[in-house]
Amino acid sequence: MCGIVGIIGGEPVAPLLVDALKRLEYRGYDSAGVATLEDGLLARRRAEGKLVNLEQRLKDDPLDGKIGIGHTRWATHGVPNETNAHPHFSDDVAVVHNGIIENFSELRTELKADGYSFASQTDTEVIAHLVSREIKSGKSPVDAALSAIRRLEGAYALALMFTQEDDLIVGARNGPPLAVGHGEGSMYLGSDAIALAPFTNVITYLEDGDRAVLTSSSLVIYDADGQMVERAQQKSVGTAFLVDKGNHRHFMEKEIHEQPEVISHTLAHYLDFAAGTSNAIDMPFSFADVDRLAISACGTAYYAAHIAKYWFERFARLPVDVDIASEFRYREMPLSKDSIALFVSQSGETADTLASLRYCRSQGVRVGSIVNVRDSTIARESDVVFPTLAGPEIGVASTKAFTCQLSVLAALAVRAARERGKITAEEENQLVRQLSEAPRFANQVLKLEEQIEKISRELAQVRHVLYLGRDTNFPLAMEGALKLKEISYIHAEGYAAGELKHGPIALIDEQMPVIVIAPFDRIFEKTISNMQEVAARGGRIILITDERGAAKTDMDTLETIVVPDVPEIIAPIIHALPVQLLAYFTAVHMGTDVDQPRNLAKSVTVE
Ligand code: F6R
């Protein structure tokens, strides 16, 4: 992960670098640093922890240079301390890097034998020394950088700056994204266009293997074969304003509350509510011609895909393979030309999801993506993009992106059912009407906040929690467990309720809260039986159900959260909200950093 930025400007760049880094903090916040040229010499300020620490350092000890590079880190090699914070220097060279240099160990040994000593534990420092060694051998900074980069194996987006070169930054991309921004007498380099949005919206996206030579008035790009190439300039849609929390304590809370609105926008994009049809967007293929869907994604997006498997198979009778992208990319799944591969990603930059997409492309399979960031690499490399209209999601724990992903997938499942002749026009009409009710029900569920907040005080006292569900509530149970563990650091597991007796039931005792997600659906009774098994062993049950479900069970629970009765197709969307709120309030009671939990980053651009 990590975010990088470089600026050649006509004014002191340190505040601009920090501004850009604030927009990149979603990529990591273990440490941050900037370097500028002060009277032709490299100078840097670095700080462990979040950007505010770096801001304070710069306040105490400012930098005035008009060219600079900056970095916000998600640690891979070396602990998150100031010594390992970027930029890294070697004599006349400074570097910032996002990615992993896989042959760093071999390069380090070689450089050490050549007399170089290493100040940090990072893989990145080898880049600075390699370039420096090339400069010492008589090469110009640009030639030195280009030949050093040829030695690197692995994934990298990087920016290099040189002593006495106040109008030169060299960038390179192999894997993680990198964008160049064109200003008036200034030039910018950044991990994404959003980082550059305050300065310019004229963007050139570098392609994989590209190296870029930037001055204040020129951009020269070489491809992986060293050929000079032209890359188009585009107008970015990134907003120049930083999104704020409004009246909310945390972005996560704000984003949970935005769900009725963003689900509504998203559904309205895909569904024609007036006509009651699911074909509101043009598509380059018909599901009638598709024999299989392969969906892959990571984390929360994977759970959205997993829920969608039930919908596509049930409504459209379309077989779906659903995979965690880090597994899919290496499992060499055979794919027919009549398959469609779908990739679900909020950021559109997740390394494993992107690699899976590229695998499918290499197999000649048509590729669609469900993404929230429209300018992202995954979106740009897809044959068809299905946007989620969630708006910027800042909290590291995904909430509104998840329910918007579900909204897109549900709408596509209905469309697939219709195109494949598995439902009639009337049935399509009814499903579209039911989907249109999701925002209203989501709003009602938000009113349960007070009760959920009280329950979460109990959860904040425990160390382990089990989530159970069947059918679409099984992936939702896993999503609930993920949400809880990532922001409250409480260990949690999500299980298919029917699997309980095959092992996890051994965990149940009087200490163990078990959260059962059981709306009154076709297998409600089965889930309730599993709940009885928990109760018989003293487990403390928190039941999330609907009004019909609550009326049908007289079991003693620790708490029952009752959401409105909703149609089956929107149940996972609606039940996601109490699950998110439970995690959110538990984390608040635990006093953790809700929006930027430890060890995590919003966008995962390394394997
Ligand atoms: C969990 C969470 C992560 C992401 C995962 C994929 O709350 O946010 O599990 O869902 O890292 O990220 P995207 O959707 O950007 O590909």
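Author: In helix 2 (residues 51-60), the buried residues include Leu 51, Leu 54 and Leu 58. Buried means under 20% relative accessible area, exposed over 50%, and partly exposed in between, with a 1.4 Å probe and protein chains only. Helices are DSSP runs of H or I with at least four residues, strands are runs of E with at least two, and both are numbered from the N terminus. Viewed down the axis of helix 2, the buried residues fall within an arc of 55°, so they line one face of the helix. That arc is taken from the directions that run from the helix axis to the C-beta atoms.

The face turned away from the buried side of helix 2 carries exposed residues: Val 52, Lys 59 and Asp 60. The cover over the buried residues of helix 2 includes helix 1 (14-24), strand 2 (31-38) and strand 3 (41-48). Contact here means heavy atoms within 4.5 Å.

A word on the source. This is a predicted model, where local features need pLDDT of at least 70 and side-chain atom pairs count only at pLDDT 80 or more, while totals for chains, interfaces and linings use all residues. Residues are numbered from 1 along each chain as its sequence is written, and side-chain values use heavy atoms, with hydrogens and water left out.

Now the whole protein. Its secondary structure comes to 20 helices and 25 strands. Buried residues make up 61% of the 607 residues. Of the contacts with a separation of 6 or more, 71% join residues 24 or more positions apart. The C-alpha trace spans about 80 × 50 × 45 Å along its principal axes.

Two further buried residues sit in other helices. His 306 lies in helix 9 (residues 299-316). His 306 is buried, at a relative accessible area of 10%. Not counting residues up to four places away in sequence, His 306 touches Val 322, Phe 474, Pro 475 and Met 478. His 306 and Pro 475 are 169 residues apart in sequence, yet 6.2 Å apart in space, C-alpha to C-alpha.

Asn 473 is found in helix 17 (residues 473-488). Asn 473 is buried, with a relative accessible area of 2%. Leaving aside neighbours within four places in sequence, Asn 473 is in contact with Ile 517, Pro 519 and Asp 521.
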